[in-house]
Amino acid sequence: MTEYFCDMHIHIGGTRSGKPVKITASRQMTLTSILEEASERKGMDVIGIIDAHSPEVQEELIDLIKSGVALEHRDGGILYKETMLILGCEVEIKEEARGEAHFLVYMPYLREMQSFTGWLSARCKNVTLSSQRIRTSLNELQSYVEQAGGLVIPAHIFTPHKGLYGSCTDSMAEVLDSAKIWAVELGLSANTQMADQLSELANKTFLTNSDAHSLGKIGREYQSIRMKERSYKEWEKAIQRESGRGVSVNYGLQPQLGKYHQTACHSCQSLLPADALGRCPECGHKQIVRGVAARIEELADVPLGTHPVHRPPYVEQVPLEFIPGVGPKLLQKLYDAFGTQMNVLHRVSRNELAVVAGEKIADWIDKARCGRLSVQAGGAGTYGRIVED
């Protein structure tokens with residue numbers, strides 16, 4: 001078995017011809033630029049492209065394969081340089097009398113993703129765009145994906161903005177066949193300690209992904225996954241924790257850095273008590289966004305600190321981009337010296353960092369590796385931030 005760094009939720013902002021895919025993502029996020037960034041700068045072994053359903057994205061991928069730059073693996077997935085691409089798609093579903101929620105769909109081969117595109121096109125307004133609302137039920141989605149040999153994974157499950165628990169339901173079992181859900185994505189504002197307070201998640205694999213909308217955010221959350229090799233089938237077996245495969249470590253943000261960790265006012269961004277209702281006491285605005293911490297506390301039915309035996313460690317690791325003083329120029333110096341972000345965060349000594357970045361930045365990066373930096377919590381769509389002690 002080998003350990004692989006994996007970030008399974010990365011969005012495409014636009015096609016190579018300049019057409020939008022994920023409206024809120026950078027247009028620099030083309031398929032090829034993402035593959036280059038993940039392989040050459042971030043050092044990601046496996047990535048999930050969550051917009052591989054878009055026809056122009058598929059055309060670009062076909063051209064990469066025909067030119068020999070990319071190679072489709074016999075067991076699913078597509079290899080580009082040092083990175084394996086798993087084909088994914090994010091969809092939005094609104095069950096009757098419930099809020100909408102986002103779900104990640106992964107397919108083993110390009111032909112299955114192309115067929116899924118056809119299925120989607122009959123159920124949404126614009127199949128070229130990301131995260132489209134589709135006219136179907138969760139059970140119908142699960143049935144189609146299962147027959148196609150893919151996986152459905154609920155996305156950023158606790159966020160008030162279109163998360164399964166944050167927006168749609170109090171219980172997964174109320175809206176879908178939970179026995180066919182092998183994993184859930186925690187989102188940036190929650191960690192393992194928080195999520196394991198829900199008993200119905202005890203048998204699920206936890207994924208920590210970046211949900212990147214820009215090249216710099218690739219790898220801000222990821223996991224180390226134990227597999228025999230990099231392929232879709234091996235990744236699926238790891239998700240199902242089969243024969244020694246599985247997630248070995250979740251590397252995630254300190255939840256306070258997430259945009260929705262604490263209850264806050266949508267207008268003035270004031271952090272508010274968890275049970276705050278009505279208008280903001282600071283500015284009078286009527287939209288208070290309930291934080292992930294408050295939502296989990298509301299749903300919790302397991303004591304804090306209780307974990308199933310299969311649960312791996314969760315390392316609260318601060319990404320380089322969050323560290324004060326680490327701007328584009330210093331990042332490039334670090335990449336020039338050490339190759340990739342994974343090398344900087346996992347393999348390079350503090351003393352080696354100091355030679356390139358200076359003593360203070362080296363200390364900050366060293367603390368960032370294990371979550372020992374002080375954080376001011378985020379909420380209502382605004383990220384938290386690192387503060388000096």
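## Basis

Local features need pLDDT of at least 70 and side-chain atom pairs count only at pLDDT 80 or more, while totals for chains, interfaces and linings use all residues of this predicted model. Residues are numbered from 1 along each chain as its sequence is written, and side-chain values use heavy atoms, without hydrogens and water.

## Strand E1

Strand E1 (residues 2–10) is largely enclosed by the rest of the structure, because seven of its nine residues are buried (under 20% relative accessible area, 1.4 Å probe, protein chains only). Strands (E, at least two residues) and helices (H or I, at least four) are DSSP runs numbered from the N terminus.

E1 runs antiparallel to strand E11 (residues 222–227), joined by five bridges; strands pair if DSSP finds at least two bridges between them. Here Tyr4 stands opposite Ile225. E1 and strand E2 (residues 46–50) are parallel, with three bridges, and Ile10 has Ile49 of E2 as its bridge partner.

## Cavities

Two cavities of 30 Å³ or more are present. A cavity is a set of points on a 1 Å grid over the protein atoms alone where a 1.4 Å probe fits but cannot get out; lining residues have an atom within 4 Å of a point. Volume is the space filled by probe spheres set on the points, which are joined across faces, edges and corners.

The largest cavity has about 50 Å³, and its lining includes Thr205, Arg241 and His310. Strands E10 (205–207) and E12 (246–252) each supply at least two lining residues.

The second largest cavity holds about 40 Å³. Strand E5 (residues 83–94) contributes the most to its lining, with three residues. Among the lining residues are His53, Cys89 and Gln132.

Key
On a 1 Å grid over the protein atoms alone, a cavity is a set of points where a 1.4 Å probe fits but cannot get out, and a pocket is an open set with protein on both sides within 12 Å along at least five of seven lines; lining residues have an atom within 4 Å of a point. Buried means under 20% relative accessible area, exposed over 50%, partly exposed in between (1.4 Å probe, protein chains only).
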